[in-house]
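Here is a brief report on pockets, ligand contacts and backbone geometry. Please keep the structure open while reading.

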Amino acid sequence: MIINLSETNSLVSEWMSEIRDAEIQTDRMRFRRNLERFGEVAAYEISKTLTYTEREVQTPLGTANCGVIRHQPVLGTILRAGLALHQGLVNYFDKADHAYISAYRKHNRDGSFEISLEYVSCPPLDEKVLIISDPMLATGASLVKTIDHLIEFGKPAHIHIVTAIACTIGIEYVQRNADANISIWAGDIDDELTAKGYIVPGLGDAGDLAFGTKMQQ
Ligand code: URA
């Protein structure tokens, strides 16, 4: 299932316009906060797909029957670019366990790159709902590699991918190659991908915009 949260105009499309805007995105705090706000809305939308159990709550005036989440999801993110989006999910799923994985593009002299995975920290995932945040679903290669690695910690019941901008090629790659039951929640979807793996029109380098330019390794 692919959900483009800008398909219907809402605050998400407003925030996406700011995240993409070359001038506004130089305000690093606003850039991170917009990603975080999008993460919060995605958390709310995903919360509607979870299973709930009824809890009887004593109020000062009587009893109320309330729906509460039966099993907390696990929130996973890819360091470092995913952190702001992840924070939005954490703000809403405040009781969830977390998974962190570092994935980066290791560049070769000819301009090609491989995805290198290093740090991984993950709770058991068997039968859990896993929500992975990654601001840019570009080629889909790092996401598939991340999923392959995380499912060694157990087979999740379902995986939700939360991404600010997804590229159609990347979405198709994930659908073809990920060995899991997946939904993708995107802030918007673009069609073009450059030879260097950047989404067009996209927004640029999400990690650098949120946290500063890094030295290439
Ligand atoms: N990662 C980014 O930060 N931007 C892109 O366009 C693609 C991958």
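## The largest pocket

Six elements each supply at least two residues of the lining of the largest pocket: β4 (74-79), β5 (97-107), β6 (113-121), β8 (136-137), α4 (141-150) and α6 (206-211). The model is a predicted one. Of the elements, β5 gives the most to this lining, with five residues.

The largest pocket holds about 910 Å³ of space. Its lining counts 36 residues. Nearest the centre of the largest pocket lie A103, Y104, R105, D205 and K214. By class, the lining splits into 17 nonpolar, 12 polar and seven charged residues.

## The ligand and its shell

Where does the ligand sit? It sits in the largest pocket. The residues around the ligand are R105, M136, A138, G197, Y198, I199, G204, D205 and A206. This shell has five nonpolar, two polar and two charged residues. R105 and D205 belong to the shell, and both are among the residues nearest the centre of the largest pocket.

Backbone atoms of I199, G204 and A206 each come up here. A polar backbone atom of I199 is 2.8 Å from an oxygen atom of the ligand. For A206, a polar backbone atom is likewise 2.8 Å from an oxygen atom of the ligand. At G204 the ligand atom is a nitrogen, and a backbone N or O atom of G204 lies 2.7 Å from it. Taken alone, the ligand exposes 240 Å². The protein buries 88% of that.

## The second largest pocket

The second largest pocket has a volume of about 190 Å³. Its lining consists of T49, L50, T51, H71, Q72, E127, K128, V129, A157, H158 and H160. By class, these residues divide into three nonpolar, six polar and two charged.

## Backbone exceptions

Most residues other than glycine have a negative phi, and most peptide bonds are trans. Which residues are joined by a cis peptide bond with omega of about -5°? They are L79 and R80. R80 lies in the loop between β4 and α3 (83-92). The peptide bond from V200 to P201 is also cis, with omega near 0°. P201 lies in the loop between β12 (199-200) and α6.

E127 is not a glycine, yet its phi is positive, at about 65°. E127 is placed in the loop between β6 and β7 (129-133).

Terms used:
Residues are numbered from 1 along each chain as its sequence is written. This is a predicted model: local features need pLDDT of at least 70, side-chain atom pairs count only at pLDDT 80 or more; totals for chains, interfaces and linings use all residues. Side-chain values use heavy atoms; hydrogens and water are left out. A residue is near a molecule or strand if one of its heavy atoms lies within 4 Å of it. A polar contact is a pair of N or O atoms within 3.5 Å; within protein, one must be able to donate a hydrogen and the other to accept it, and residues adjacent in sequence count only if both atoms are side-chain atoms. Accessible areas come from the Shrake-Rupley method with a 1.4 Å probe; for residues, only the protein chains shown count as cover. On a 1 Å grid over the protein atoms alone, a cavity is a set of points where a 1.4 Å probe fits but cannot get out, and a pocket is an open set with protein on both sides within 12 Å along at least five of seven lines; lining residues have an atom within 4 Å of a point. A molecule sits in a cavity or pocket if more than half of its atoms lie within 2 Å of its grid points. Ala, Val, Leu, Ile, Met, Phe, Trp, Tyr, Cys and Pro count as nonpolar, Asp, Glu, Lys and Arg as charged, and the others, Gly among them, as polar. Grid points are joined across faces, edges and corners, and a volume is the space filled by probe spheres set on the points. Helices (H or I, at least four residues) and strands (E, at least two) are DSSP runs, numbered from the N terminus.
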